[in-house]
Each structure stands twice: as C-alpha cells, then as structure tokens.
Amino acid sequence: MPSAPLTSPAIHWLGSQALTLEMPPPATLDCQRRIWWLARQLQAGDGIREIVPGMNNLTLELSDDPALAAALPARLRKLWQQAEQADIPQRRVEIPVCYGGEYGPDLDHVARHCGLSPRQVVERHGASDYTVYFLGFQPGFAYLGGLDPRLATPRRATPRIAVPAGAVAIGGCQTGIYPSASPGGWQIIGRSPARLFDPAREPACLLQPGDIVRFVASKESPCWK
C-alpha cells in the first residue's frame, strides 16, 4: 500500500554551490526512504560533486555550473514526488557482538537503569531489526532506528576519552557501533569484530543507508556465563 503523501520539502541554498533539501521533524522511515532513493537517482556526476544523505535532509555539493544550479530545485521536487512509489532495495546485515565483561563495561549499568538483567538487555538488543537512517559522526558510523524503548539509557555524564573500535553502545533512544577509536559518551554494552570502515574496500563503509541490521550475540559473551 502506498504511504501517505508527505509535505513538500524545503530547499535551502548553502552559498552558490551547495543546497539542502529538508523535511521538518520528526524523522520517519518513509521520509528516509525517499531521501535514500533520491541519493541513488542523482549519483555523483552531471555537475554534482557530492551527495550527503542525512536525517530528514539531503545535501548536494555542485560543480561550478550555473545552468545546473538553476534547474536543480525543480528537479529535486519532481523526484521527491516520484519517490512516493519508489521501490527501495534493502540489504540485511548481521553484526556479531560479544556482550558484557571487558567488552561491555556499561552493560550492568544499562540493565539496572532499565530494570532488567544483563542477559535480558542482550536478548532485547538482539531481538530487533534496526534500519540504517544515515551515516555520520565518523566514517562508517551508522545511525540506527529501531531500538527497543525499554533499552533507552541516557548517555554517560562524563564521556570517555577513548572508546575502542567496534564498541556497541546505547545513547538515549539509539544504538550504534563505533567504527574506529574515538572519544564518546554512549553506554558500551559489547564489542564487535566487524570492520565498519575500510578505505581499501568498495564501498568503504560496511553499512549503507537503508540496510537492515541485526545484532547476533556470541555465546562466548560473559553475560551468558
């Protein structure tokens, strides 16, 4: 069944060689699907240097082509309407995780906050299908929708100076995986050996907007013992 029509997007110029198509909040899966579809339809080239899908928005960096720039807003609005009937392919990706212990130092804290046992947190975290809304923060970091509301946990009061690559964490109502070591304030519940970003791979990012992600717990996780 086709989704209900969305409000027409606003288009803002960012100087003379970039513009953003933007929808008002809240973020919805239907809106993100249209943004993914637009990004695939446009592709780089034909006067477009870079395409950056975001949450409720799509930003385009243009080459120095006044004719393309003048025609692009109307083209985007037309594509937005066509996207209502678009079929968006979605991959399914499994991410292995070792939960708890040295790999998930905040698992017990999350469990206490949620009124669950650590094992119940792991079971709930692995029971959901997560959708990659967009990539940001650092190369390969996927913003995922679909966290069980019972697992929502505030970020740490004091962020860590270094979070290891592969850390699986919860921050507020979202969950994610750190592609590389960096500072971070999310609650770390496990770690994955999956390589989220590899510049020698094509594409370099393991996860792409629109992918469906499932976390699979290793039976070696300390929380099972």
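The side chains of Arg 214 and Asp 129 meet in a salt bridge, with 2.8 Å from N to O; the term stands for a side-chain nitrogen of Lys or Arg within 4 Å of a carboxyl oxygen of Asp or Glu. This pair links distant parts of the chain, since Arg 214 belongs to strand β13 and Asp 129 to the loop between α4 and β6, 85 residues apart. Helices (H or I, at least four residues) and strands (E, at least two) are DSSP runs, numbered from the N terminus. Arg 214 is partly exposed, with a relative accessible area of 29%, and Asp 129 is partly exposed as well, at 35%. Here buried means under 20% relative accessible area, exposed means over 50%, and partly exposed lies in between (1.4 Å probe, protein chains only). Salt bridges that share partners join Arg 92, Asp 129 and Arg 214 into one network.

The model is predicted, and for this reason local features need pLDDT of at least 70 and side-chain atom pairs count only at pLDDT 80 or more, whereas totals for chains, interfaces and linings use all residues. Residues are numbered from 1 along each chain as its sequence is written, and side-chain values use heavy atoms, with hydrogens and water left out.

A search of the whole structure finds 9 salt bridges, and three of them are set out below.

| Salt bridge | Closest N and O atoms |
|---|---|
| Arg 156 and Asp 106 | 3.5 Å |
| Arg 160 and Asp 106 | 2.8 Å |

Arg 156 lies in the loop between β7 and β8 (160-163), so its bridge to Asp 106 ties together parts that are 50 residues apart in sequence. Asp 106 is buried, with a relative accessible area of 5%, whereas Arg 156 is partly exposed at 29%.

The structure holds 7 aromatic pairs, where rings of Phe, Tyr and Trp (its six-membered ring) pair if their centres lie within 6.5 Å, and planes under 30 degrees apart count as stacked, over 60 as edge-to-face and the rest as tilted. The rings of Tyr 130 and Phe 215 have centres 5.3 Å apart and planes at 70 degrees, so they are edge-to-face. Tyr 130 is in strand β6 and Phe 215 in strand β13, 85 residues apart, and both residues are buried. Phe 141 and Trp 186 also form an edge-to-face pair, with 5.7 Å between centres and 80 degrees between planes. Phe 141 is buried at 2% relative accessibility, and Trp 186 is buried at 9%. Both residues belong to one aromatic cluster, which also includes Phe 134, Phe 137, Tyr 143 and Tyr 178.
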